[in-house]
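Visitor: I am new to this one. Could you show me around, a stop at a time?
Guide: Gladly. Here it is.

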Amino acid sequence: MTSLSDANPADLPSLKRALRSADPEGLLQPIPMDRIFIGENSIDAICGFMGSIMPGVNVLMVADSTPIYRGAENVKEKIYGLLSGRYMVKRLVLSGGGHDIRADEAASRLIQDSMGIADCVIGIGGGTITDLCKHAVYSSGKRVPLFIVQTVLSVNAFSDGVSVMLKQGVKRTAPTMFPTALAIDLALVRQAPFERTLSGFGDLMATWTAPADWFLSHKIGMNRNYHSAPYTILAKQNYELLVNAGKLKENDGKTFETLARVLTLSGLAMGIAGESSPASGTEHLMVHLLDMAAESKNSEIALHGAQVGAASLLASIAWDIFLDTFEPSNIDVDSCFPKEADMKKKVYQAFAALDAGGKAADECWNDYKKKLVTWRDNKDNFIRFLSAWPLFRKKVRTMVQKPEFLCECMQRAGAPTRFCQMGIDADTAKWAITNCHLFRNRFTLADMLFYTGWWNDDFINRITGRAHSMDAGL
Ligand SMILES: [Zn+2]
């Protein structure tokens with residue numbers, strides 16, 4: 001039987017079997033997808049598969065107006081040709097009116113209004129089209145199958161059951177649905193703009209920090225869903241990807257296939273966990289803040305995965321310092337539980353400037369104060385954690401990678417390692433790093449370091465200084 005660490009998302013029956021044997025108690029969420037195609041002819045394969053589960057003849061095809069090529073062939077026209085020979089196909093072309101299309105309610109509503117009597121929806125595009133199609137089909141209440149043809153390896157969000165939607169300018173994760181089937185055509189994604197591919201590679205850097213955050217949160221009693229399987233399905237193949245990172249720019253087919261597999265597994269890891277924790281920790285919190293800062297200044301938001309890659313290096317330095325030098329006997333436990341009023345002040349100081357009405361700060365505080373309450377409730381767990389520190393350290397050392405190694409892999413791939421390469425200035429980046437723990441009700445290493453008195457300007461300078469020595473960070 002295939003082991004979890006060699007999981008192939010294109011062989012879902014084997015993957016589901018391996019997951020069942022790793023999870024005899026049934027703690028993980030099921031994967032409600034029927035098929036994933038990763039290969040050289042995935043477009044033909046998904047169009048053929050559609051016929052085997054289509055309940056009728058009406059298809060809604062959703063895409064944006066950008067032509068996408070596979071070799072010299074226009075992919076959207078090819079799919080339209082393949083489908084219109086068999087079905088009644090209605091085309092919806094989304095347009096951003098001069099800008100990139102945005103995943104918001106209005107665009108989702110447009111898809112829902114076009115669904116009419118559609119027996120299925122096929123979305124062709126990147127993360128935004130996919131998020132919109134998932135949101136629209138789910139919100140329509142019509143339980144019709146959703147097929148996605150992924151045109152770029154830019155993020156891990158294709159094979160999961162949530163959509164990142166813009167609400168009043170702020171990105172919010174909404175539970176939606178998994179696609180019924182997903183196709184990644186390797187010949188097609190190899191032709192996508194390379195910076196988008198590097199963004200997908202960067203998004204996966206979180207694999208070396210987020211699961212450790214999740215495990216820490218579990219050990220403190222702040223998270224009840226922890227399971228080792230989501231990390232196990234990612235780690236081995238993701239490590240292979242790191243080692244071969246330099247081959248991405250050579251357009252190496254095998255390395256692209258590994259990237260496609262690992263990105264898909266990363267989405268599935270979040271799906272089976274029932275939350276984004278296996279792929280989103282301290283590094284993603286920093287990126288959420290950077291996105292909010294960009295929104296508030298009306299400046300362009302940098303590519304998600306590119307930011308995640310650079311932020312992951314900083315988070316991995318924090319993990320490295322923590323694992324190397326944390327000494328439980330130096331900790332005065334009672335001083336690790338700050339007063340609510342002090343934290344409220346900190347949250348408002350951090351976020352008040354984001355919008356005129358102070359709505360962002362209100363929202364952050366609402367979420368943060370829940371974390372503060374749970375942290376207090378888990379004081380005994382924290383004491384137990386301190387006494388079991390050597391065991392924890394040993395385990396986490398096997399989950400993380402040395403920051404210098406991660407950085408070298410990113411540099412070999414040609415991925416950006418500094419925020420300034422993405423148009424993010426040093427002050428904004430420092431603000432995001434410093435305040436990332438105040439943003440959400442998610443316990444990560446940054447919280448642990450803050451409560452134990454480490455997460456201050458000196459420490460942030462230490463992290464960014466070490467990053468600077470490897471040509472990364474600010
Ligand atoms: Zn991400």
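Visitor: Let us start with helix α16. Which exposed residues does the face turned away from its buried side carry?
Guide: A word first: this is a predicted model. Exposed here means over 50% relative accessible area. On α16, the face turned away from the buried side carries three such names: Pro390, Leu391 and Lys394.

Visitor: And which residues of α16 are buried?
Guide: Helix α16 spans residues 389–397. Buried means under 20% relative accessible area. In α16 that applies to Trp389, Phe392 and Val396.

Visitor: Within what arc do those buried residues of α16 fall, seen down the axis?
Guide: An α-helix has 3.6 residues a turn, so residues three or four places apart point the same way. The buried residues of α16 line one face of the helix, because seen down the axis they fall within an arc of 65°.

Visitor: On to helix α3. Which of its residues are buried?
Guide: Helix α3 covers residues 75–84. Its buried residues are Val75, Lys76, Lys78, Ile79 and Leu83. They sit on the same side of α3, because they cover an arc of only 160° around the axis.

Visitor: At the start of α3, which residue's side-chain oxygen reaches to the backbone nitrogen of Lys76?
Guide: Look at the start of the helix. The backbone nitrogen of Lys76 has a side-chain oxygen within 3.1 Å. That oxygen belongs to Asn74.

Visitor: Now the metal. Which residues are the protein donors of the zinc ion?
Guide: The donors lie 2.1 to 2.2 Å from the zinc ion. Along the chain they follow the spacing D-x80-H-x19-H. The aspartate gives OD and both histidines give NE2: the donors are Asp203, His284 and His304.

Visitor: How many residues apart are Asp203 and His304?
Guide: Asp203 is in helix α7, residues 194–203. His304 is in helix α12, residues 304–325. The pair links distant parts of the chain, 101 residues apart.

Visitor: Is Asp203 buried or exposed?
Guide: The cut-off for buried is under 20% relative accessible area. His304 has 22%, so it is partly exposed. Asp203 has a relative accessible area of 2%, so it is buried.

Visitor: How do α11 and α12 cross?
Guide: Two packed helices are described by the angle between their axes and the distance between the axes. Helix α11 covers residues 282–296, and its axis comes within 8 Å of that of α12. The axes cross at roughly 130°, which makes α11 oblique to α12. The crossing is right-handed.

Visitor: What is phi of Asn298, in the loop between α11 and α12?
Guide: Most residues other than glycine have a negative phi, and most peptide bonds are trans. Asn298 counts as exposed, because its relative accessibility is 74%. Its phi is a positive value, in a residue other than glycine: near 60°.

Visitor: Where is Asn251, which also has a positive phi?
Guide: Phi of Asn251 is near 60°. Asn251 has a relative accessible area of 39%, so it is partly exposed. Its place is in the loop between α9 (229–243) and α10.

Visitor: How far apart in space are Ala273 and Pro230, C-alpha to C-alpha?
Guide: Ala273 lies in helix α10, residues 253–273. Ala273 counts as buried, because its relative accessibility is 6%. In sequence, Ala273 and Pro230 are 43 residues apart. In space, C-alpha to C-alpha, they are 6.7 Å apart.

Visitor: Which residue's backbone oxygen lies 2.6 Å from a polar side-chain atom of Thr452?
Guide: Thr452 lies in the loop between α19 (445–451) and α20 (457–469). Thr452 is buried, because its relative accessible area is 11%. The backbone oxygen 2.6 Å from that side chain belongs to Met448.

Visitor: Last stop. What is the relative accessible area of Met33?
Guide: Met33 lies in the loop between α1 (12–22) and β1 (35–39). Met33 and Leu146 are 113 residues apart in sequence and 9.8 Å apart in space, C-alpha to C-alpha. Met33 is buried, because its relative accessible area is 0%.

Terms used: Residues numbered from 1 in each chain as written. Predicted model: local features only at pLDDT ≥ 70, side-chain atom pairs only at ≥ 80, totals over all residues. Heavy atoms only, no water. Donors = N, O, S within 2.8 Å, 3.2 Å for Na, K, Ca; no water. Helix = DSSP H or I, 4+ residues; strand = E, 2+ residues; numbered from the N terminus. Buried < 20%, exposed > 50% of the residue type's maximum accessible area, 1.4 Å probe, protein only. Arc of directions from axis to C-beta. Polar contact = N/O pair within 3.5 Å; in protein donor to acceptor, adjacent residues only side chain to side chain. Axes fitted to C-alpha atoms, helices over the stretch in contact; angles between N-to-C directions. Parallel < 35°, antiparallel > 145°, perpendicular 65-115°, else oblique. Left-handed = near helix turned anticlockwise from the far one by under 90°.
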